[in-house]
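Colleague: I have a model open and would like to go through it with you. Can we start with the strands?

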Amino acid sequence: MTPSLRILVRSDQPENMFGPYTGELLKLEGISDFDIADMGAGEDLPGGDPQVVILTRARLYNREQEQLLSYVRNGGSLIVFRPSYRLCEALGLTATFTVTPAAYLLPDADHPVSRGLPHEPLQCHWPMERYGLGSLPGGAEIIAHDYADLNSPTGYPAVVSFLFGNGRIGLCFYDPPATVARLRFGNPDQASINTMGFRFYTRSGDLFTDHFDISRGHLPQADLHCNLLSNLIAHLSPQPVPRLWYYRVPEERSALPMRSDDDWSTVEMFEALHSGVEQRGGHCTFYLVRDTNLPDATVKEWLAAGHNFGYHSNPNSTPEDPYLAIEGILRDDAANFEQRYGYTARTTQIHCATWRGYMDLVPVFHDIGLRMAVTYGSHLKTYGTYMCGSSRPLKFINEFGRIMDIFQQTTVIYDDASVQKMLTEEVDTELEKVARTLDNAVNLTYSPIGFQSHPVSYFTYSAPYIGGCMDLAQERGVPVLSMDEWLEFTQRRYEADLTLSSADGSSIECDLTAGSLSGPLTVAVPVPEGRIPTAATVDGQSVEPTLRSILGPRYALVPVELQAPGELRRITVHISAEQGGSQDYG
Ligand SMILES: [Zn+2]
């Protein structure tokens, strides 16, 4: 069966290196019904008639351009990232052959694709190409605007859509996957350079100095670019595009994935933090130093109670430059951990947040069995902000376009010596900030918030703050999850496959196929404007649907409990009759 979406990439053109990352952005948005075709390897363009084709940054032969345009004329939908001037001119746009360097993008406040997003400029990091609307056919609509900086509109569009023949076209005059990569992983030119005024090791945070616009810190910028893209797909697709919700069940609208770095805390300190987490019904992953004070018997007991563990590699354990020593230390720690505790650690954080290169340690992490790296923290000036534009898990991609099978999970809120004064003297002010961050997450962006506490910090000064954060989360129904629970959910969601089976005026059916992991997932079925879901079933069994807008478009959320690897579940959502004047599927 042809998937609903086809992503066209071009392995023979280096400018396309972020093209395949589009698939990871869609997975993050819970969309899995797509394939990736490599035009560079001679694969078919819109072959099999998918509902939507995404052409990633590429230059086209005339024959290919004509093939794509004829697919659209015949009713197809085409989204193009950084379209070539030849394609733009063929569509009736006026090329200026100029750009806005390091552009910002402002989502339009009125367009259905963008009006559910915050109406605030977002960093794009790369040049925005400037096109005039010229003689566009079919009433072009502007979805996002090009800004030179926070306050300066250029008058050019960043994203447009319009009708063409019997089909529809959406153009992004920048490259969304490249933008998400720069937002999340920082500036590769700053790799292994200390930029933060901090003595010693380079950290991932060094990649973000003068790169991340701290005035945007309240916005998960990278995620919002993904939301804009998934909304554009939903808008242009002739058929509804079902998705997986960001969390396990509909009631969850954010999460605090939590870890704790040992840092040679005493048993008493560990126990204080552990009981603080347990009191709030949470779980935590503890990263233990090699000479930890925590007895093996306690590790066993806490594992059985749903907490988890990994190693906290110490770059100070040799007199060598950590740049040179850290890989060996990591490998030793992985082997020691496995031997001592009897299982492979899946997530980690290195002591002092030590980092090397742009992401040179990530292949090492993968090699020693890690599947989630918790390395990117909002340190110092960026404390409490979305420095990486996200706290959602997404696979790494390096500066050469290599995607690695390991998730980046950022930390937004933490305690350590650098914030001790602030979290002690201004605890109420800081908790008010956390309440605002949680409210935005729960009511608007559905962002998770990476969370960390050291036993030694909790015990000596941060319990009012860290405990307060967990209380605020609990009041809002936001669970505190161990990194391992969060990873397992992330993998379960990543591996599952969701496809549309049928859609008519009164019901939508889709099929969810489990990957290798069982457990809860929630399916989000699109509900047209002016309609409501009236009932839902999973394999014929009645389930109460929850209506929720995800940054604009509305969905019926239906929880599904996957019980076995590879099993297939059929989800049906019934929708109320049209209440006049609204868009329908068909
Ligand atoms: Zn540490």
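Modeller: Start at L105, which stands opposite L122 in β7. Strands here are DSSP runs of E of at least two residues, and helices are runs of H or I of at least four, numbered from the N terminus. This is a predicted model, where local features need pLDDT of at least 70 and side-chain atom pairs count only at pLDDT 80 or more, while totals for chains, interfaces and linings use all residues. Residues are numbered from 1 along each chain as its sequence is written.

Colleague: In which sense do β6 and β7 pair?

Modeller: Strand β6 (residues 104-107) and β7 pair in the antiparallel sense, over 2 bridges. Two strands count as paired if DSSP finds at least two bridges between them.

Colleague: And which residue is the partner of L105 in β9?

Modeller: That is D146. β6 and β9 (residues 141-149) are antiparallel too, with 4 bridges.

Colleague: What is the strand order of the sheet?

Modeller: The order is β2-β1-β3-β4-β11-β10-β9-β6-β7, an open sheet of 9 strands with mixed pairing. β2 (34-38) and β7 (122-123) are the edge strands, each pairing on one side only.

Colleague: Where is a parallel pair?

Modeller: Strand β1 (residues 5-9) and strand β3 (residues 52-55) pair in the parallel sense over 4 bridges. I7 stands opposite I54 in β3.

Colleague: New topic. How do α11 and α12 pack?

Modeller: Helix α11 (residues 427-445) and helix α12 (residues 455-475) pack at about 30°, with axes 10 Å apart. Axes are lines fitted to C-alpha atoms, for helices over the stretch in contact, and angles run from 0 to 180 degrees between N-to-C directions. That makes α11 roughly parallel to α12, a term for angles under 35 degrees.

Colleague: Which residues make the contact?

Modeller: Among them are V427, L431 and L438 of α11 and Y465, C469 and L472 of α12. Two residues are in contact if their C-beta atoms, placed from the backbone, lie within 7 Å.

Colleague: Last one: what are the domains?

Modeller: Domain 1 is 5-244, domain 2 is 256-490 and domain 3 is 496-575. These bounds come from an automatic or database domain assignment. The C-alpha centres of domain 1 and domain 2 lie 32 Å apart.

Colleague: How many residues of each are in contact?

Modeller: 30 residues of domain 1 are in contact with 36 residues of domain 2. On the side of domain 1 that touches domain 2, the largest share, 4 residues, comes from α4.

Note on methods
Parallel < 35°, antiparallel > 145°, perpendicular 65-115°, else oblique.
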